[in-house]
Amino acid sequence: MGAGGGFMLAESIKHPVEHLIPYAVPPEEFSSGIATWYNSICGMCPAGCGISVRTREGRAKKIEGNPSHPVNQGRLCALGQAGLQVLYNPDRLTAPMLQSGERGSGEFVQTTWNEGLSEVASRLSASTNNDGIYFVSEGVRGHLANLFELFMNELGSANLLHYDFAHPHSLYAANNHLFGERQLPYYDIRNSRYLLSFGADYLNDWLSPVHHGLGFGHSRQGNGDARGRFVQIEPRMSISGASADEWIPATPGSEGILALGIAQQILAGGNYQGTDADDWNAALATYSAAYVEDKTGVPADTVARIASEFSHAEPGLAIGGGAAGNHTNGVDTLVAVNALNYLVGNIGKPGGVVFNPDPVVGSSTAGRQANFAAMQDLAENARQGAIEVLIINNTNPLFTLPPGAGLKEALASIPLVVSLSSFMDETTAMADIILPSHTYLESWGDDMPQPGVGFSVGAVSQPVVSPLYNTRATGDIILGLAGKMGLGEAMGWDSMEDYIKDGWRNVYERSSPDAGGFDSFWREVLTSGAWGENTRNSNSVVIDKQVIDNIAVAEAEFSGNPDEYPFVLHPYLSTTLYDGRGANLPWMQELPDPMTSIVYGSWVELNPQTANEMGIQDGDLLRITSEHGSIEVPAVTFPAIMPDVVAMPIGQGHEEFGRYARNRGSNPIQILAPNMDAVSGSLATSATRVSLAQTGRRAAPVKTGGESRQLGRNIVQSTGADGDSAGHSAKLNSIPIVVDPA
Amino acid sequence: MNIMERFISSWQKYRKPGYYEDFDYAWTMSIDLDRCTGCSACVTACQAENNIPIVGEKELAKGREMHWIRIERYWEGEYPNAKLKFIPMLCQQCDAAPCETVCPVSATYHNQDGLNTQVYNRCIGTRSCAVYCPYEVRYFNYNSHHWDSPLDQQLNPDVSVREKGVMEKCTFCIQRVRQAKDHAKDDGRRRVQEGDIQPACVQTCPSEALVFGDRKDSNSKVAKSLADPRAYHVLDELNTLPSVVYLKKVDSDG
Amino acid sequence: MGNEERQMQFADVNDDVVRSLTETGRSYYIALATAIFVMLACFFFPWFYQLYYGIGAAGMNHPTVWGTYLASFVFWIGLSHSGTLLSCVLHITNSEWRKAMYRSAEAMTLFSLMVAATMVMVHVGRPWFIHWALPYPNQMELWPNFRSPLMFDVMAITTYVTGSLIFIYMGSIPDFAAVRDRTTGWRHHLYVLLSLGWRGTDTEWHRLGWAYTFLAVLIIPLAVSVHSIVSWDFAMSLVPGLHQTIFAPYFVVGAIYSGTAGIVTVMYVLRKYMNFEHFITKLHFDNLGKLLLVLSLIWTYINILELFTGWFSGTSTEYEQLKYKLFGFYAPLYWEMILFCAVAPLLLISKKFRTSFVPMLILSIAINIGMYTERFLIIGATLSRQYLPNAWRVYVPSLVEISILVGSLATFITLFLLFVKIFPSVSIYEVKETMETPKSKKGDTEWQAAH
């Protein structure tokens with residue numbers, strides 16, 4: 001009943017942060033010196049890991065993974081651990097605010113919820129065109145997504161968008177195209193013996209990194225003598241690339257061609273026995289090893305070898321994403337990767353691609369995910385004057401969209417911008433009315449993680465502390481607005497908690513209701529932190545002949561011609577800052593980037609030889625120019641990047657977003673070309689060519705690591721492939737193991 | 001016992017080889033380099049659990065890192081055959097710790113669990129322990145630290161907040177070890193079982209590269225790690241008898 | 001400005017020394033005021049700032065946790081060996097030429113040790129608890145850790161300070177008595193106390209000589225052990241480049257070397273500004289110069305030995321230390337050290353050089369700068385390059401540290417300036433021993449009667 005405690009706290013005290021021991025007569029489970037744990041759901045990235053939060057005296061102290069949650073099984077990534085700093089961030093918005101000066105001037109006055117809600121409700125009610133109401137939220141699932149749908153439905157508007165920078169639109173499109181699946185499948189890395197990753201940084205940010213980490217660890221050393229092999233294909237070594245057995249640089253944008261080349265080798269080797277082998281052979285005829293070598297730069301015998309290893313592994317699994325999925329040919333690339341899985345027959349098998357059932361809770365939001373094309377349309381509609389009200393919820397398109405989308409200018413044509421975000425980020429700074437929401441640690445919610453783990457999994461997120469400030473849960477704000485607008489009929493719940501509980505009665509009904517009743521079921525869900533059901537999707541797959549015939553990957557297109565702009569810019573999601581959301585968390589700013597050990601700044605990575613040829617040294621401030629803008633970033637040499645590729649982490653370069661994020665580093669998204677994948681309409685983030693120039697100044701990035709070569713000191717030791725030690729003897733220096741008697 | 005007898009019995013206890021076999025527990029951590037992905041979740045988990053301060057950009061520019069566990073990274077080879085290897089480095093809780101002998105005020109000593117403990121209250125800040133540590137895992141508080149309110153609400157009440165002038169380092173989450181021992185006692189069990197206690201870093205590691213346990217328990221995972229042919233100690237030649245064992249990364253060049 | 005025509009009388013020695021105590025020119029007060037001001041502004045003020053903000057005011061970082069404070073500490077301890085050498089070693093070898101200088105040299109020892117002690121307090125992170133390093137019974141039932149080389153330091157240095165203090169005081173008793181008899185006012189009362197009723201009887205002289213020699217013999221091994229122990233602060237670590245057996249003799253030789261150079265500097269100053277020209281002569285500089293040359297050669301040998309060890313070891317760590325010192329970030333300092341301490345002293349081969357005052361002064365200062373650099377390199381450069389390459393970091397001293405270094409010098413000068421006006425800075429009775437017994441002149445009966 002930890003849930004109840006949270007609300008009691010909310011009513012009884014005004015300023016919970018000021019007292020060491022706030023009560024004379026504390027609630028039940030509030031004992032000084034004894035920790036109370038609450039299960040909830042992590043809200044730091046879309047993976048949806050389950051968390052257990054340790055609280056002492058009403059304050060959140062430590063976030064751990066929830067051992068019962070199938071996605072992360074008790075483990076948690078660095079960003080998840082830093083969730084505490086989202087809750088206790090000094091730059092949180094504390095109360096509803098009204099813009100008092102010009103939009104963007106930063107002048108706000110505090111107001112009451114009543115006033116704020118009334119104002120927004122009246123403006124919404126007064127809108128002449130229902131479709132002029134736009135709601136752009138971060139990607140949400142579960143009942144909150146349902147609530148948004150309900151609300152927009154009641155308003156009569158079809159313009160509900162979920163906008164996340166890193167949403168894998170191309171992956172969804174590819175799965176839909178080849179397999180007819182609307183959900184993302186579960187990629188069973190854990191049981192795979194050979195993982196072929198085309199640009200997918202599965203250990204860092206792709207889909208569900210903690211779950212993949214678990215799978216990686218198990219595949220490596222948890223499986224007896226069998227050790228999984230990992231191959232990474234990308235132009236710049238990522239974290240996953242560093243952990244791979246083989247890192248293969250391929251020409252940017254040619255990963256799909258490589259995939260089809262491997263597929264062709266599989267067929268040529270006679271390793272595919274399906275009935276549609278002829279169709280495949282015909283479709284892949286052009287992708288000979290020589291052709292592939294020409295287009296990708298990967299030697300023909302490597303292609304052949306990988307094809308052989310992949311097809312003989314039992315099982316092999318191919319995944320794609322990251323830069324590979326973010327070119328103009330992204331969808332085609334990922335279709336090619338999917339094809340590999342199909343050809344080795346791992347669909348529905350352990351260690352392969354397992355399709356996920358539809359979410360039990362929350363409608364599928366696939367259709368609502370706003371790709372770049374949709375955001376461009378939004379900006380265009382705004383400019384046409386078609387948008388009357390824009391409601392933003394915890395998403396920051398002004399930071400994560402390239403200026404080519406024209407959103408910032410388009411905002412000027414929108415009469416009312418409302419933000420429900422918890423922080424003053426770039427987009428919220430342009431709002432007229434701010435109705436700040438709770439952070440995820442203070443909110444009720446639920447989630448069915450996507451991609452799932454092959455069967456139905458769900459969890460409920462509950463507040464772990466009483467709200468710190470005069471904010472409200474996002475769902476409660478929507479319900480409040482609905483109330484003010486007289487939509488009480490359709491949306492008559494008192495609070496988000498009620499709404500979720502109501503929704504979970506359906507789940508209760510499906511899971512063989514027992515004598516305990518719904519209340520005991522509800523309590524069980526909260527105390528365990530996860531709910532599961534053995535609902536599975538069918539894994540039989542039949543691919544249309546036409547689809548096979550049309551399988552092809554065109555060469556990627558780039559903005560800028562190679563003469564003026566000799567380098568391809570490879571922006572990647574930072575380990576510590578993700579898409580910029582971690583920039584206001586001091587722990588994340590201070591966490592050294594694993595590959596370069598740089599903190600508190602941006603940098604651009606260059607191949608050492610390239611740097612040498614251009615006379616660039618570590619710490620030189622470079623000007624990176626694309627056809628769409630330029631930024632200044634210090635240079636860092638990086639041994640594992642292609643000579644004509646430069647890479648830069650995303651996340652810094654905020655102009656707002658608090659004291660830790662503001663005016664620090666540069667945002668590579670600013671200079672990205674508004675190129676899109678033709679099929680999915682998603683932003684082709686890797687399709688921008690740039691030129692480098694010395695500014696003549698130096699701005700050495702702050703690094704915590706010194707020399708990054710071992711110089712023969714055998715600090716990180718390795719064995720040969722078969723596990724027997726080479727070099728240093730494994731004999732340890734007298735560590736006794738005393739056997740406990742009995 | 002009078003002073004002389006106590007002195008002699010302590011002397012005998014600590015001077016015989018293998019004296020650590022008489023420890024209550026022998027906490028050991030094993031780090032599998034074949035599983036470590038360099039994700040640095042352990043670093044942040046440790047920071048959250050142990051009230052590790054945020055030193056800020058200016059201090060970091062001067063080189064004053066404050067992370068009790070750090071991920072060291074080493075490149076090998078050149079493009080296109082460059083490899084990057086990660087190794088988490090934390091206090092090795094050496095049984096023959098060079099840092100313990102040099103502290104003039106005995107602010108660091110070996111406790112009955114085989115841990116190398118740091119007594120913040122006793123430390124006068126000569127920093128000789130940091131010089132003597134070959135793993136360079138001791139961190140000094142060059143300044144008093146400040147948390148912008150309300151970030152200080154997150155501070156763990158089980159761990160002290162160190163003032164300036166005091167040395168600190170990884171303690172294998174000794175507060176959790178103590179708690180586990182207390183619980184075991186309350187439960188009537190006399191010993192802490194495998195899995196009862198995990199330091200923050202071990203608990204959060206997504207790839208389960210970090211494993212923690214009592215090597216005196218022959219069934220524990222760490223005891224098995226010690227017997228693994230891949231096991232080795234970093235800087236083994238210095239004979240510091242560390243309690244952290246690393247498992248070699250498997251190099252499988254294609 | 002002695003009288004060439006008139007032979008120097010014993011009384012002249014007393015006169016000169018007493019005059020040096022009682023007659024003070026303006027330049028002295030200016031010098032003293034400047035020294036005190038610099039001491040307050042450059043030592044105490046930055047130190048209090050550091051006490052407030054933490055050791056972060058200095059430039060140390062992770063893992064170079066030791067910096068100029070400890071280098072200064074070792075340097076000042078090194079300088080303190082000057083007195084020991086001159087007083088004790090040369091006393092036992094019956095060197096005549098030391099007699100004019102050794103009092104000031106012993107004073108240098110004492111004050112160097114005091115300044116070194118303050119450097120320890122500046123260096124430590126929580127100096128308000130530094131008394132915990134002393135073994136005293138307390139409520140915590142805790143004794144300090146006697147296994148620690150730093151504790152050996154505490155013991156050794158305390159013993160050395162105590163020993164030197166007793167030594168200098170005891171040797172000065174006859175001089176206090178001599179000055180007592182010639183001064184009035186507060187000085188007279190002070191010296192009455194300090195001279196302990198010395199009457200100059202034979203028994204007293206005999207006892208003094210015996211005790212003096214006894215202490216001299218005792219202090220020599222003490223001095224050797226003090227600096228060996230200081231070197232073991234470093235040598236007992238596992239740090240590559242510090243963990244070497246050569247360190248104990250290296251430091252002792254270095255200490256005597258820098259101490260002797262310090263004596264040359266002080267002697268020049270005393271000679272010029274205290275009118276001690278007939279006490280401190282070319283002969284003294286000549287002998288000091290020879291001593292410096294020998295020490296320089298030994299010092300150079302030991303350095304070559306270190307280079308050889310680094311190369312011969314074949315290990316990455318030791319070799320890296322060698323390479324880093326010679327060609328790395330601190331290389332200019334390293335070569336400056338070699339220039340000042342190994343190359344420049346070769347000039348001492350020439351007797352003309354040894355007997356020229358100003359060149360000797362310049363060389364002695366250069367040697368001390370070089371020796372300070374050596375201590376700095378031992379600490380800063382070796383800590384920058386330890387076993388784990390990922391933890392390598394460069395250390396640059398901050399303004400506060402440099403200021404405190406300057407301030408420590410000012411403190412030393414202040415103490416010395418105060419010393420020369422209160423203590424007879426030249427040993428009266430020993431100088432008299434070097435003089436020829438003056439012949440009594442015709443008609444000097446009154447003089448004889450008076451003395």
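Tutor: Two strands are said to pair when DSSP finds at least two bridges between them. The structure discussed here is a predicted model.

Student: What makes strand S1 (residues 36-41) and S2 of chain A paired strands?

Tutor: The criterion is at least two bridges. In chain A, 6 bridges join S1(A) to S2(A), and the two strands run antiparallel. Ile41(A) stands opposite Gly50(A), and Ser40(A) stands opposite Ile51(A) in S2(A). S1(A) and S2(A) are therefore a pair by that definition.

Student: Why are S1 and S3 of chain A placed at the edges?

Tutor: The sheet is open and has 3 strands in the order S1-S2-S3 (chain A), with antiparallel pairing. S1 and S3 of chain A each have a single partner strand, so one side of each lacks a neighbour in the sheet. Neighbouring strands here are turned by 30 degrees against each other on average, direction ignored.

Student: Why is helix H6 (residues 169-179) of chain A described as largely enclosed?

Tutor: The cut-off for burial is again 20 or more C-beta atoms. Of the 11 residues of H6(A), 10 are buried, so the helix is largely enclosed by the rest of the structure. Among them are His169(A), Tyr172(A), Asn175(A) and Phe179(A). The buried residues of H6(A) pack against helix H13 (330-343) and helix H20 (545-549) of chain A. After H6(A) comes Gly180(A), with a positive phi near 70 degrees.

Student: How do you know which residues of domain 1 and domain 2 of chain A form the contact, and how many there are?

Tutor: Chain A is divided into domain 1 (169-354) and domain 2 (567-703), and their centres, taken over C-alpha atoms, are 27 Å apart. Two residues are in contact if their C-beta atoms lie within 7 Å. The contact takes 21 residues from domain 1 of chain A and 25 residues from domain 2 of chain A. On the domain 1 side, the elements giving two or more residues are H6, helix H8 (239-243) and H13 of chain A. That side divides into 10 nonpolar, 9 polar and 2 charged residues.

Student: What makes up the side of chain C that touches chain B?

Tutor: In chain C, 37 residues are in contact with 39 residues of chain B. Helix H6 (residues 149-180) of chain C gives the largest share of that side, 4 residues. The residues of that side divide into 23 nonpolar, 10 polar and 4 charged.

Student: How do you know where confidence is lowest in chain A?

Tutor: The pLDDT runs from 0 to 100. Chain A has a mean of 89, and 92% of its residues reach 70 or more. Confidence is lowest in helix H1 (residues 2-12) of chain A, at a mean of 40, and highest in strand S22 (residues 604-606) of chain A, at 97. Residues 1-18 of chain A have a pLDDT below 50, and residues 721-742 of chain A are also below 50. Where pLDDT is low, predicted coordinates should not be read in detail.

Terms used. Residues are numbered from 1 along each chain as its sequence is written. Chains are lettered from A and ligands numbered from 1 in the order in which they are written. This is a predicted model: local features need pLDDT of at least 70, side-chain atom pairs count only at pLDDT 80 or more; totals for chains, interfaces and linings use all residues. Axes are lines fitted to C-alpha atoms, for helices over the stretch in contact, and angles run from 0 to 180 degrees between N-to-C directions. Ala, Val, Leu, Ile, Met, Phe, Trp, Tyr, Cys and Pro count as nonpolar, Asp, Glu, Lys and Arg as charged, and the others, Gly among them, as polar. A residue is buried if 20 or more other C-beta atoms lie within 10 Å of its own, exposed if 12 or fewer, and partly exposed in between; C-beta atoms are placed from the backbone. Domain bounds come from an automatic or database domain assignment. pLDDT is the predictor's confidence in each residue, from 0 to 100.
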